[in-house]
Amino acid sequence: MNSNIIEINHKDKKIYLVKTAHISRNSIEDVRSCVEEVNPDAIAIELDEERYQSLSNNEAWREMDIIKVIKDNKVGFLLVNTILASFQKRMAKSMDSSSGGEMLEGIRLAKEKGLELVLADRSVKTTFSRIWHSLGLMEKAKLLATVIGSIFEDEEISEEELQSLKEADALEAALNEVGKQFPNVKKVLVDERDAYLSQKIKSAKGKKVVAIIGAAHCAGIIRNLDNDINTAELDKVVKKKGFGSIIKWLIPALVIFMVAYTLFKNRDMGFEQIRLWLLWNGSLSAIGTLLAGGHILSIITAFIAAPITSLNPLMAAGWFAGIVEAMVRKPKVKDFEDLSEDTSTIKGFWKNGVTRILLVVIFANVFSTIGTFISGLGIFKSFLNII
């Protein structure tokens, strides 16, 4: 076996870890040669059910209900997932390979040979949710800036460089750098998944298991093989309770109190506060929707919804503007087909019908939040004059 395949004796099992780079042609060959040589009882792959369905069914996007995505508050998840998938596909294209080709090969071999197929990874939604809820406000802003800044990098990578990244020492160095900037991200994205993958792999049926994994997880999986991992705990999403969860309720409550008190003391000034709230919230949310390339009806919806939703943390102006955008300009089949290509450029983000809807939701919400703080500050100043 070559150096990308590690044989491990664990209790009564033989586990073969196939270290892969998800966009390398060589990884597909590694999977094929390992399975043929080992003749395992089970094949474990670094996929969850959702990614398995997406990878196995190229037409899965046809079933996407963009309005449901907005209602379920999964716009951020879909946008990040689209960006990451697009980046990986572009990298694979530059290598004349296919993204996830080694996983597809593992799936094909499992079906062809009648082997148990183990989906060993945690749900990507759970992972993203745990990352997001583990971060503070400034960490979230820094992470978003880093992700967005890397979208449009057009850096070429050679097969030789790719192979060097599969070496444990190079990967450890890269992960250590990530850990320095975003320790919580590395903990959830890498360390927790190492433990999760390890438990699923060693729990596979049979005496011989071939596990197809990204090379970055290899060392962590080996470290966790002798540990009893509670995967149910790692599947939970625990929201971080902090000042942010308090302030989202506190600000609307304070605004309502100050406006009510001012109306009682000085009706004219109270109505001026209401006008300030309506104009700043509505106008800025409408401007955000306009900048996202939203339809005129989406812009009007954002203007009307923002002053109301800003007083209710359970609602958001972008949801309403996004739903209207999706209804008025329903994404075409071509928009889904061109997602990977379009999301590689700034112009493409605004041109594509799917990502434009996502941008409408995000921009309407962000600009509404800015309007909330500006108008809230104005209301607070006039409130001080009253008392």
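First, the ground rules. The model is predicted, so local features need pLDDT of at least 70, side-chain atom pairs count only at pLDDT 80 or more, and totals for chains, interfaces and linings use all residues. Residues are numbered from 1 along each chain as its sequence is written, and side-chain values use heavy atoms, with hydrogens and water left out. Helices (H or I, at least four residues) and strands (E, at least two) are DSSP runs, numbered from the N terminus.

Two strands pair if DSSP finds at least two bridges between them.

Now strand 3, residues 42-45. It runs parallel to strand 4 (residues 116-119), joined by 4 bridges. It also runs parallel to strand 5 (residues 208-214), again with 4 bridges. Take Ile43. It stands opposite Leu117 in strand 4 and opposite Val210 in strand 5. Ala44 has Val118 of strand 4 as its bridge partner.

Are the faces of strand 3 covered or open? Both are covered: Ala42 and Ala44 are buried on one side, Ile43 and Ile45 on the other. Buried means under 20% relative accessible area, exposed over 50%, and partly exposed in between, with a 1.4 Å probe and protein chains only. In a regular strand the side chains alternate between the two faces of the sheet.

Next, a helix pair. Helix 2 (residues 49-56) packs on helix 5 (residues 101-113) at about 90 degrees, with axes 11 Å apart. That makes helix 2 roughly perpendicular to helix 5; the cut-offs are under 35 degrees for roughly parallel, over 145 for roughly antiparallel, 65 to 115 for roughly perpendicular, and oblique for the rest. Tyr52, Leu55 and Ser56 of helix 2 meet Met103, Leu104, Ile107 and Lys111 of helix 5. Contact means heavy atoms within 4.5 Å. By class, the residues of this contact are 5 nonpolar, 1 polar and 1 charged. Ala, Val, Leu, Ile, Met, Phe, Trp, Tyr, Cys and Pro count as nonpolar, Asp, Glu, Lys and Arg as charged, and the others, Gly among them, as polar.

On to helix 6, residues 124-134. Its buried residues include Val124, Phe128 and Ile131. At its start, a side-chain oxygen of Ser123 comes within 3.2 Å of the backbone nitrogen of Lys125.

Thr355 sits in helix 20 (residues 353-386). Why is Thr355 counted as buried? Because its relative accessibility is 1%. Leaving out residues up to four places away in sequence, Thr355 touches Leu339, Thr343, Gly348 and Phe349.

Last, two loop residues. Most residues other than glycine have a negative phi. Lys11 has a positive one, near 55 degrees. Lys11 is in the loop between strand 1 (5-10) and strand 2 (13-20). It counts as exposed because its relative accessibility is 78%. Asn39 also has a positive phi, about 55 degrees. Asn39 is in the loop between helix 1 (25-38) and strand 3.

Terms used:
Polar contact = N/O pair within 3.5 Å; in protein donor to acceptor, adjacent residues only side chain to side chain. Axes fitted to C-alpha atoms, helices over the stretch in contact; angles between N-to-C directions.
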